[in-house]
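Colleague: Please walk me through a few features of this model. I would like the general idea and then the case at hand.

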Amino acid sequence: MSILTPHRGTQAVYSINPVAKIGAAFVLSLTLLLSIDWVSASVALVLEGILFFWAGLTPKVFFLRTLPVWIAAPLAGLTTVLYGRPSGQTYAQFWLVHVTDGSIELGVATMLRVLAIGLPAIVLFVTVDPTDLADGLAQVLHLPSRFVLGGLAGLRLVGLFLDDWRSLKLARRARGVGDSGRIRRFLSLGFALLVLSIRRGSKLATAMEARGFGAPGRRTYARESTFGWRETLLIVIAAAVALTAVAVSVSTGHWNFIGG
């Protein structure tokens, strides 16, 4: 088992229906996108940080999984500080760069907002099994089975990309064409992987059609997908975190509605 793979037995939220996890992430994201202020994002981030202890992820797995968010958030904040809407006192100005009180506050709010939206989304989705997700989409949300099964097959193939990339690198090196020109080699490998993926997807689609996965009519599923009190509780907790963040922001006068 990989160090990045959470252990199923220790996952506090692993058995919760993936539909509820999608709903909880949607509630948090939608609410936090309504305003650009640092107060609501900070409150949401603090409350989410407390809840992360019940996700069942070790600190190492948590930080490795969320590393892209930790990198993207400061970059987004820095970009906003340099090129955001100027207001208040000016600290630096050069061509398009204009650092002011307003751009700094906006940059901090942007960074915190990226963290508050990205971290819980990754923590929730890292505990999602593709088959459980497909069962939930089909049985709880009643999405078309053709769409659900096609998406499940696609998700199952994502894990093969890394193996294909390594195999292509070894094959090219064995032929003596993979030892120089990093950029050219990367582009060449990317194009080869794209062609290989298209061919594999076409074969998979033909095989699934031949086995009747695209046939009309109601389908049955081997495992029942239920939506019970745990799923409801998760969405209620997400809504409570979002509402608390909004209430604190409004009461302190920092609420900054994006449409205002």
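**Backbone, pockets and rings**

Modeller: Trp-95 sits in the loop between strand S1 (90-94) and strand S2 (97-100). Helices (H or I, at least four residues) and strands (E, at least two) are DSSP runs, numbered from the N terminus. The model is predicted, so local features need pLDDT of at least 70 and side-chain atom pairs count only at pLDDT 80 or more, while totals for chains, interfaces and linings use all residues. Residues are numbered from 1 along each chain as its sequence is written, and side-chain values use heavy atoms, with hydrogens and water left out.

Colleague: What is phi of Trp-95 near?

Modeller: Most residues other than glycine have a negative phi. For Trp-95 phi is near 55 degrees, a positive value. His-142, in the loop between helix H6 (130-139) and H7, also has a positive phi, near 55 degrees.

Colleague: Is His-142 buried or exposed?

Modeller: Buried means under 20% relative accessible area, exposed over 50%, and partly exposed in between (1.4 Å probe, protein chains only). His-142 counts as exposed because its relative accessibility is 62%. Trp-95 counts as exposed at 76%.

Colleague: How much space lies in the largest pocket?

Modeller: Rolling a probe the size of a water molecule over the atoms shows where empty space is left. On a 1 Å grid over the protein atoms alone, a pocket is an open set of points where a 1.4 Å probe fits, with protein on both sides within 12 Å along at least five of seven lines; lining residues have an atom within 4 Å of a point. The volume of the largest pocket is about 470 Å³. Its lining has 21 residues, and the closest to the centre are Val-13, Leu-51, Leu-124, Leu-234 and Ile-237.

Colleague: Which element gives the most to the lining of the largest pocket?

Modeller: H10 does, with seven residues. By type, the lining of the largest pocket holds 18 nonpolar, one polar and two charged residues. Here Ala, Val, Leu, Ile, Met, Phe, Trp, Tyr, Cys and Pro count as nonpolar, Asp, Glu, Lys and Arg as charged, and the others, Gly among them, as polar.

Colleague: How many aromatic pairs does the structure hold?

Modeller: Rings of Phe, Tyr and Trp (its six-membered ring) pair if their centres lie within 6.5 Å; planes under 30 degrees apart count as stacked, over 60 as edge-to-face and the rest as tilted. There are four aromatic pairs. One of them, Phe-62 with Phe-63, is edge-to-face, at 5.2 Å centre to centre and 80 degrees between the planes. Phe-62 is buried at 13% relative accessibility, whereas Phe-63 is partly exposed at 46%.

Notes: Points joined across faces, edges and corners; volume = space filled by probe spheres on them.
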